[in-house]
Amino acid sequence: MKVLELNQIVTDDNYIYYRRNYTANAKLQMLSKTLDIKISFTIETGPLGDKMLYVDIDQGNDIDYPLIPVKSALKTYILTLDNEGKLPCG
């Protein structure tokens with residue numbers, strides 16, 4: 001399982017400065033097929049600068065794969081994008 005890309009990343013309005021909410025489409029490669037799913041994720045920055053990431057997969061997606069590795073791969077990919085400054089600021 002591999003995350004190929006995130007596209008159509010949209011920032012949701014939020015008035016809490018240490019939380020950033022996003023929605024996006026994720027393109028995943030699973031075994032021999034490619035799957036597009038809708039996700040939402042939140043990046044929360046702690047008081048010491050540590051980042052916590054919450055990923056939710058839309059209920060309408062039919063994923064024939066265990067969700068824990070999917071969420072783990074998405075979190076790694078999203079944190080990489082955030083550290084490189086490639087996510088919209090809002």
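So, E5 and K27: these two form a salt bridge, with the closest N and O atoms 3.9 Å apart. By salt bridge I mean a side-chain nitrogen of Lys or Arg within 4 Å of a carboxyl oxygen of Asp or Glu. The pair links distant parts of the chain, with E5 in strand β1 and K27 in strand β2, 22 residues apart. Strands and helices here are DSSP runs, numbered from the N terminus: E for strands, at least two residues, and H or I for helices, at least four.

Before I go on, this is a predicted model, so to speak of local features we need pLDDT of at least 70, side-chain atom pairs count only at pLDDT 80 or more, and totals for chains, interfaces and linings use all residues. Numbering runs from 1 along each chain as its sequence is written, and side-chain values use heavy atoms, with hydrogens and water left out.

Back to our pair. E5 is partly exposed at 31% relative accessible area, and K27 is partly exposed too, at 26%. The cut-offs: buried is under 20% relative accessible area, exposed is over 50%, and partly exposed is in between, with a 1.4 Å probe and protein chains only.

How many salt bridges does the structure hold? Five. One of them joins the side chains of D82 and R20, at 3.1 Å, N to O. D82 sits in helix α1 (residues 67–83) and R20 in strand β2, so this pair ties together parts that are 62 residues apart in sequence. D82 is buried, at 10% relative accessible area. R20 and D82 also belong to a salt-bridge network together with K51. Then there's E84 with K86, meeting at 3.2 Å, N to O, and K86 counts as exposed at 55%.

Okay, next stop, E44. Buried or exposed? E44 is buried, with a relative accessible area of 15%, and it lies in strand β3, residues 33–45. The side chains of E44 and R19 are joined by a polar contact of 3.1 Å. That term means a pair of N or O atoms within 3.5 Å; within protein, one must be able to donate a hydrogen and the other to accept it, and residues adjacent in sequence count only if both atoms are side-chain atoms. Leaving out residues up to four places away in sequence, E44 touches Y18, R19, D50, K51, M52 and Y54, where contact means heavy atoms within 4.5 Å.

R19 comes up again with N14, which is found in the loop between β1 and β2. The N14 side chain reaches the backbone oxygen of R19 at 3.1 Å. N14 is partly exposed, at 28%.

In that loop, between β1 (2–12) and β2 (19–30), you'll also find Y18, partly exposed at 35%.

For S40, the bridge partner in β4 is D56. Five residues lie between the strands of this hairpin, and G49 takes a positive phi near 90 degrees. G46 is in the loop between β3 and β4, and G46 is buried at 17%. From G46 to A24 is 22 residues in sequence and 23 Å in space, C-alpha to C-alpha.

Notes:
Pairing = 2+ DSSP bridges.
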